[in-house]
Amino acid sequence: MRRVAVIGVGVTKFGKHDRTSAELFAEAAVDAIRDADVAPSAIQALYYGNVTGGEGEKQLHMGPLAATLLGIPTIPTTRFENACATSHAAFRHAVMEIGAGVSDIVMVGGAERVLNIPTDAATEYFAYCSDASWEQSVGLTFPGVFALIARAHMDKHGTTEEQMAHVAVKNHRHGALNPKAQFRKEITVDMVLNSAYVADPLKLLDCCPFTDGGAALVLAAEEVARKRPRSVWVLGTQAASDTMFMHEKRDLSRVMATERAAAAVYRQAGKTPADVDVVELHDCFTIAEIVATEGLGFFEPGLGGAAAEKGWTSLGGKIPVNPSGGLKAKGHPIGATGAAQIAEITTQLRGEAGPRQVEGARTGLTHTLGGNTATVLVSLFGRG
């Protein structure tokens, strides 16, 4: 396999937009093309991620639409849908296309627009990413899924609601430093603990928001990337899955797909958790970040909550997690989230993240979780 690098990144402001998701992607893509310093005609394929376009915008067949808006309508395009891990899955396949020698330069990313529809409708559309036969029919939405995970972690390890609140406070503090974040307002532990319950024990400020936004990456083979000193290399990218049925998961306090994908990517890259300097991971709910920091090997099982409480995952801590603000504060346009995480790690490894920069970062990790923990992507990146 040929080496592959990220040579260009672009991300829209996250929040509410009046433009379509394809238009949001086009904005991010133009920035990524400019950042990569390539002509649009040099792009040989497009991998595009979107989840709810059919329900929310009555728009399918989005790959060709995105390419058309970019003025490159004749390149091969593929749309991905893999729940919240959509554009991270698209990224992995783009890496494989370049690595296999099929293409030299590929664009990948995604976009989502859900703030144009009522919250109850968006909640229902997101729930389509869980099992329709057994779970949707009894009213299990994603706050309910992660409330089950939180309660299991609390029962097994003694994790507290206050420890979960520290994750929200930290990510809002980081998000305040990110001009692209949906929420740039700091919050306190008391504000989280006193916010309304959504699904016991999760409260409103334990939950990430609905978000509109787009993100794009330009990937290139080594022969192209070597000419660009700001290139960030893909050291490894792996995917893992687990049963879709919540009642079949043996231990709800763990996400087995995260553990399998992480083990595979460390093996592929020849790295260990101790080599990682900065992390962007899937914090759709505060408990999700705690479980992920354990599954990715940064802390022993049961210590993720204490690590958040002690500040070990903050900027300046042992292992900074979600310096962008994460899904919790930066926002979560689900078709774009994975690509946006990779854009943040690329920016960090270039040393271009400004006030949220992790000093000296040389190796970064991205982790994106899809649906009811059934899909996980983990990738590692480095300089030089």
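Ala83 is buried, with a relative accessible area of 8%, where buried means under 20% relative accessible area, exposed means over 50%, and partly exposed lies in between (1.4 Å probe, protein chains only). The model is a predicted one, in which local features need pLDDT of at least 70 and side-chain atom pairs count only at pLDDT 80 or more, while totals for chains, interfaces and linings use all residues. Residues are numbered from 1 along each chain as its sequence is written, and side-chain values use heavy atoms, with hydrogens and water left out.

Ala83 sits in the loop between strand 3 (77-80) and helix 4 (86-99); helices (H or I, at least four residues) and strands (E, at least two) are DSSP runs, numbered from the N terminus. The phi of Ala83 is near 55°, a positive value in a residue other than glycine. Most residues other than glycine have a negative phi, and most peptide bonds are trans.

His61 likewise is not a glycine and has a positive phi, of about 55°. This residue belongs to the loop between helix 2 (53-56) and helix 3 (62-69), and His61 is exposed, with a relative accessible area of 63%.

A further backbone feature lies at the peptide bond from Asp200 to Pro201, which is cis, with omega near 15°. Pro201 is part of the loop that runs between strand 5 (197-199) and strand 6 (202-203).

Turning to helix 5 (residues 119-127), its buried residues are Ala121, Ala122, Tyr125, Phe126 and Ala127. An α-helix has 3.6 residues a turn, so residues three or four places apart point the same way. Helix 2 and helix 6 (142-157) are among the elements that cover the buried residues of helix 5, contact being counted for heavy atoms within 4.5 Å.
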